[in-house]
Amino acid sequence: MKQKFKAKTGKFWIYILISLLFPIWIYSLDELNEDLIYFLLPALLPFVLLIWIYSTTVYYLDSQYFYYQSAFLKGKIEVYKIKEIQQNTTLWSGVKPALATKGLIIKFGYDEIYVAPKSNEQLTQALLKINSNIIVK
């Protein structure tokens, strides 16, 4: 059975709000131009993309694999290949299926991934139950 870990959202909602309010603000500046509606449709695409990312970011764990999903970023990591977990830190480049800072950097093999669950400690403990050889920093 898969154990589900929700993503920490942090201040991600601010980006969603700005991406919605900006096109509305632009439209309100020029009420008389009917062609402006054609500008609004592409301007709302970032809002749709951010809602998609916000609504699909989640993490799962079963007895063999750690699964992550955030919009088009999907994957799984074999738990026994995880070598190290760095807690309460942020990865500024690389694979980041996360919405907030101060999450977990999971190192496996020569790769690493950044995730930000609501509780770093719960996910770390769940991974340690499966693979007690993981180094936690």
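Q: Why is I106 called buried?
A: Buried means under 20% relative accessible area, exposed over 50% and partly exposed in between, with a 1.4 Å probe and protein chains only. I106 has a relative accessible area of 0%, so I106 counts as buried. The model is predicted: local features need pLDDT of at least 70, side-chain atom pairs count only at pLDDT 80 or more, and totals for chains, interfaces and linings use all residues. Residues are numbered from 1 along each chain as its sequence is written, and side-chain values use heavy atoms, leaving out hydrogens and water.

Q: Which residues does I106 touch, not counting residues up to four places away in sequence?
A: I106, in strand β6 (residues 103-108), touches F66, I82, E84, I85, D111, E112, I113, V115 and L127. Contact means heavy atoms within 4.5 Å.

Q: What makes α1 and α3 roughly antiparallel?
A: Helix α1 (residues 12-29) and helix α3 (residues 45-56) pack at an angle of about 155 degrees, with axes 8 Å apart. Angles over 145 degrees count as roughly antiparallel, under 35 as roughly parallel, 65 to 115 as roughly perpendicular and the rest as oblique. α1 and α3 are therefore roughly antiparallel.

Q: How do you know that the buried residues of α4 lie on the same side?
A: In helix α4 (residues 120-130), N120, L123, T124, A126 and L127 are buried. They cover an arc of only 160 degrees around the axis, which puts them on the same side of α4. The arc is taken from the directions from the helix axis to the C-beta atoms. Q122 and K129 are exposed, on the face of α4 turned away from its buried side.

Technical notes:
Axes fitted to C-alpha atoms, helices over the stretch in contact; angles between N-to-C directions. Helix = DSSP H or I, 4+ residues; strand = E, 2+ residues; numbered from the N terminus.
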